[in-house]
Amino acid sequence: MKYYMPTTVLDDDDVVLKSGEVFKKLGTKALIVTGKSSAKKCGALDDVIKVLDEEGISHTIFDEVVENPPIAQNYDGAIKGKGCDFVIGIGGGSPMDTAKGIAILLKHGTDDYVEKLFGKVDYDSIPVVAIPTTSGTGSEVTPYSVFTDDVKKTKVSMARRIFPTYSLIDVKYFKTMPKNVRISTVIDALSHSIESYINTKSSPYSELYALRGIEIFGEHKELLDKEEISTDVQGDFVRASTYAGVAIAQTGTSLPHSLGYAITYNFGVPHGIANGMFLPEFLRVSPVDRRNTVLSALGFGSIDEFAVYLDKLVKLIAKDVSVTEEDMIAYTELLMENKAKLKCHPTEVTHEDILTIYKNTLK
Ligand code: NAP
Ligand code: ZN
């Protein structure tokens, strides 16, 4: 059994403004990595710039990260950040994941960058500080980064494993999330917890975090699609997402994530919803004792009840998903090549099983 979580998590009101000493330890020049606008909107970027200025740390901003970032964004960010000592990723999973890839290239150079991120040699990185603004991916405490691969026509995990050195969490940054981003990212966190709990690599350590994440979702599930939620409830969702991140850092994700990648790639469905839609059918092919524990922690009496609840949320966000049988077969073939994800599922699943999950979910 192994439990490894090297990221220092600082979770507090105004945590960025209080973290001058943290940034100072990491160097004198920072690259800040963000999406187009949310880091500004939620106030995190201003806080970071203020504290860096106070500490005399110079900075460069790479604010071009798009949702489900293509691999090449790591190269663009590294060119922009040449000479920086550390990287600060602010945002949802897309900027935080890209901050990790860029941090490798800033240490080892941009030549052959795809090989450095996905090849066999294990390159390390300069330090990364992650500041999450969505309550979903847990990237602030995971070593993973996920990018869009236009050659394979799906999403792929970077081969390198980069834990952020620090993760700075402040609930105020999550308040500007639009309702649909909140729904999708909270469901992503739920998928992480469930896929970690039902996983060949789960252990009592990972289960502690995974089950608490599932329980928190169960406690607040009726509030998820409200226009407004209280700061306390938002804080609970944020913690559920970080707990789920700690859990998948130990186990990885499994079938729902690999089933969802093709749906995001082909229909632009947000990551969390693309995984979440497969959770009921995933539970049907999962060991009964684990499945029952999950349903009971969620407060649902049956898989069907859970499916009805999720379907309402999925329909709010994933409107135009129409997949032919031929496409489902192609997605299934792609998934069957992802041996790492298949190995995480406790029982053997066949091509037929996966195709059935696609058909039953997308019917
Ligand atoms: P995201 O793609 O980072 O962001 C989604 C949208 O939400 C963007 O439009 C973003 O705007 C906006 N947004 C973010 N925070 C906001 C805030 N506080 N207020 C207003 N708008 C906000 O979404 P995500 O679901 O967090 O990340 C998904 C990515 O993470 C996927 O690529 C997925 O594969 C990956 N992922 C990684 C891990 C991991 O362990 N590393 C785990 C699961 C998923 P801007 O573009 O302006 O920022
Ligand atoms: Zn995810």
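Reply: Around ligand 1 there are 29 residues, and S38, S94, T134, T142 and K155 come nearest. A residue is near a molecule if one of its heavy atoms lies within 4 Å of it. This is a predicted model, in which local features need pLDDT of at least 70 and side-chain atom pairs count only at pLDDT 80 or more, while totals for chains, interfaces and linings use all residues. Residues are numbered from 1 along each chain as its sequence is written, chains are lettered from A and ligands numbered from 1 in the order in which they are written, and side-chain values use heavy atoms, with hydrogens and water left out.

The shell around ligand 1 can be sorted by class: it has 16 polar, eight nonpolar and five charged residues. Here Asp, Glu, Lys and Arg count as charged, Ala, Val, Leu, Ile, Met, Phe, Trp, Tyr, Cys and Pro as nonpolar, and the others, Gly among them, as polar.

Polar contacts (pairs of N or O atoms within 3.5 Å) come next. With its side chain, S139 puts a polar atom 3.3 Å from a nitrogen atom of ligand 1. Y173 uses its backbone: a polar atom there is 2.9 Å from a nitrogen atom of the ligand. M177 also takes part through a backbone N or O atom, 3.3 Å from a nitrogen atom of ligand 1. How much of the ligand does the protein bury? Taken alone, ligand 1 exposes 950 Å², and the protein buries 91% of that. Such areas come from the Shrake-Rupley method with a 1.4 Å probe. Two elements give two or more residues to the shell: α5 (93-108) and α7 (179-197). Helices (H or I, at least four residues) and strands (E, at least two) are DSSP runs, numbered from the N terminus.

Together with M1 and Y3, Y205 forms a nonpolar patch on the surface, with about 380 Å² of accessible area in total. In a patch of this kind, nonpolar side chains are joined within 5 Å, and each residue has over 30% relative accessible area and no salt bridge. Y205 counts as partly exposed because its relative accessibility is 46%; buried means under 20%, exposed over 50%, and partly exposed in between.

F62 gives a contrasting case. It sits in strand β3 (residues 58-62) and counts as buried, because its relative accessibility is 1%. Its C-alpha atom is 7.2 Å from that of L31, although F62 and L31 are 31 residues apart along the chain.

Now the charged pairs. A salt bridge is a side-chain nitrogen of Lys or Arg within 4 Å of a carboxyl oxygen of Asp or Glu, and the count comes to 18 salt bridges. One of them is in helix α8, where R212 and E215 are three residues apart, about one turn of the helix. The closest N and O atoms of R212 and E215 are 3.0 Å apart. R212 has a relative accessible area of 32%, so it is partly exposed, and so is E215, at 33%.

Helix α14 (residues 303-317) holds another pair, K315 and D311, four residues apart, about one turn of the helix. The closest N and O atoms in the salt bridge between K315 and D311 are 2.6 Å apart. K315 is exposed, at 55%, whereas D311 is partly exposed, at 36%.

The salt bridge between E325 and K359 has its closest N and O atoms 3.1 Å apart. E325 belongs to helix α15 (residues 325-336) and K359 to helix α17 (residues 351-362), so this pair ties together parts that are 34 residues apart in sequence. Both ends are partly exposed, E325 with a relative accessible area of 44% and K359 with 32%. Elsewhere, D14, D47, D170 and K172 are linked in a network of salt bridges.

Last, the backbone. Most residues other than glycine have a negative phi. N68 has a positive phi, near 50 degrees, and is found in the loop between β3 and α4 (72-80). For D112, too, phi is positive, near 50 degrees. D112 lies in the loop between α5 and α6 (113-118), and counts as exposed because its relative accessibility is 61%.

Notes:
Polar contact = N/O pair within 3.5 Å; in protein donor to acceptor, adjacent residues only side chain to side chain. Patch = residues over 30% accessible without salt bridge, like charges linked within 9 Å, V, L, I, M, F, W, Y side chains within 5 Å. Buried < 20%, exposed > 50% of the residue type's maximum accessible area, 1.4 Å probe, protein only.
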